[in-house]
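Morning, everyone. Please have a look first.

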Amino acid sequence: MAPTLASSRFSARFGLATPIALAPMALASGGLLAAACSHAGALGLVGGGYGDLGWTQREYGLALEHGERERIGCGFIVWKLDEDASALDWVLEQRPRALMLSFGDPRPYAQRIARSGAVLVFQVQRLEQVPQALEAGAQVIVAQGGEAGGHGMDGLNGRATLAFVPELADWLAAHAPDTLLLAAGGVADGRTLAAVRLLGADGALVGSRLWATAESLAAPGAKQQALRTTGDGTARSSVFDILRRKNWPQPYDFRAIRNALHREWENRIDELRANPAAGRAAYDAGVQQGDFERAHATVGEAVGLVRDLPGAAEAIARMDRQARALLGD
Ligand SMILES: Cc1cc2nc3c(=O)[nH]c(=O)nc-3n(C[C@H](O)[C@H](O)[C@H](O)COP(=O)(O)O)c2cc1C
């Protein structure tokens with residue numbers, strides 16, 4: 001039987017009205033965005049990102065205060081947790097519905113997440129990462145394609161959503177049939193949501209589309225720049241990580257809008273790494289002045305499907321409606 005939205009195992013397991021999870025976007029998926037997603041019947045994951053305890057306490061607190069507790073969770077970047085896991089420990093005390101980890105080895109955190117009762121969601125960029133995630137007890141695997149906004153694997157290592165999702169769906173069906181699969185990277189309307197259901201995903205983890213909403217904490221100037229940008233206008237590289245002093249390990253890099261400062265350095269990355277002062281000064285000035293030709297705006301190729309800045313509930317309702325019509329729900 002052809003998949004529909006109504007038949008999603010992800011919706012059934014989490015009590016969702018639509019099989020969508022808000023991506024835990026660092027500094028953008030704040031408490032009010034997660035709360036709005038939870039009210040719209042999606043899973044709202046707060047962007048705990050780099051594990052800043054104060055930010056996480058404030059935003060997760062807002063999500064619990066304004067949202068539907070049974071559809072609220074949080075996400076963290078694993079290699080930063082390896083330095084300081086206090087924000088993770090604090091969130092686990094709040095008994096989140098789901099805890100999402102990405103970018104590192106989840107196994108050191110498996111026991112404490114299991115003890116809290118949270119469902120572990122783990123985001124992978126390659127098939128070979130999946131056994132380690134299952135060993136850590138992940139009940140949901142997110143297959144992230146290179147189209148995605150924000151961090152992911154670089155061009156040598158990353159995969160594309162279209163072929164990665166069905167390959168992983170087949171692998172899970174054979175080796176771990178109770179494990180759910182979400183697709184991430186490029187899902188931003190009903191067509192792309194319906195497509196990933198047809199590819200074998202139980203639902204989608206949505207970043208860029210929900211970044212471009214009223215509740216997202218992204219800067220207003222960044223959102224306006226996104227509205228002027230087509231899908232041609234983003235690029236993956238380590239330029240912004242170097243400019244932002246983020247010490248990301250290989251093989252991860254970062255997709256954002258390819259602005260003037262990015263273009264200035266994108267063919268001289270070794271030089272920028274060796275001598276970052278001038279680039280960083282330009283970047284810092286851009287942030288201070290709200291100039292997004294120098295500061296970065298983090299979205300993926302799906303920015304080409306984003307033409308307005310609705311409330312999150314409206315963005316989710318549109319995706320859901322269009323996908324249902326296409327799938328004959
Ligand atoms: C602004 C932004 C910040 C992100 N921050 C994180 C993060 O902190 N942790 C994480 O696991 N993924 C992060 N991601 C990646 C998302 O989890 C997800 O893979 C991606 O947004 C999906 O692709 P899409 O942007 O095309 O929807 C981020 C993405 C964006 C756009």
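Domain bounds here come from an automatic or database domain assignment. This is a predicted model: local features need pLDDT of at least 70, side-chain atom pairs count only at pLDDT 80 or more, and totals for chains, interfaces and linings use all residues. Residues are numbered from 1 along each chain as its sequence is written.

So, domains. Domain 1 covers 9–218 + 308–327, and domain 2 covers 220–289. Their C-alpha centres lie 24 Å apart. The contact draws 16 residues from domain 1 and 11 residues from domain 2. Contact means C-beta atoms, placed from the backbone, within 7 Å.

Which element gives the largest share of the side of domain 1 that touches domain 2? β7, with four residues. Strands are DSSP runs of E, at least two residues; helices are runs of H or I, at least four; both are numbered from the N terminus.

Next, the barrel. Eight strands close it, in the order β1-β2-β3-β4-β5-β6-β8-β9, with parallel pairing. Two strands pair if DSSP finds at least two bridges between them. Take β5 (residues 119–124) and β6 (residues 140–144): they run parallel, joined by four bridges. V121 has V140 of β6 as its bridge partner.

Last, the ligand. It has 30 residues around it, and S102, A148, G149, G150 and G207 come nearest. Near means a C-beta atom, placed from the backbone, within 6 Å. β2 (43–49), β3 (72–77), β7 (150–153), β9 (203–206) and α10 (208–211) each supply at least two residues of that shell.

Conventions: Contact = placed C-beta atoms within 7 Å.
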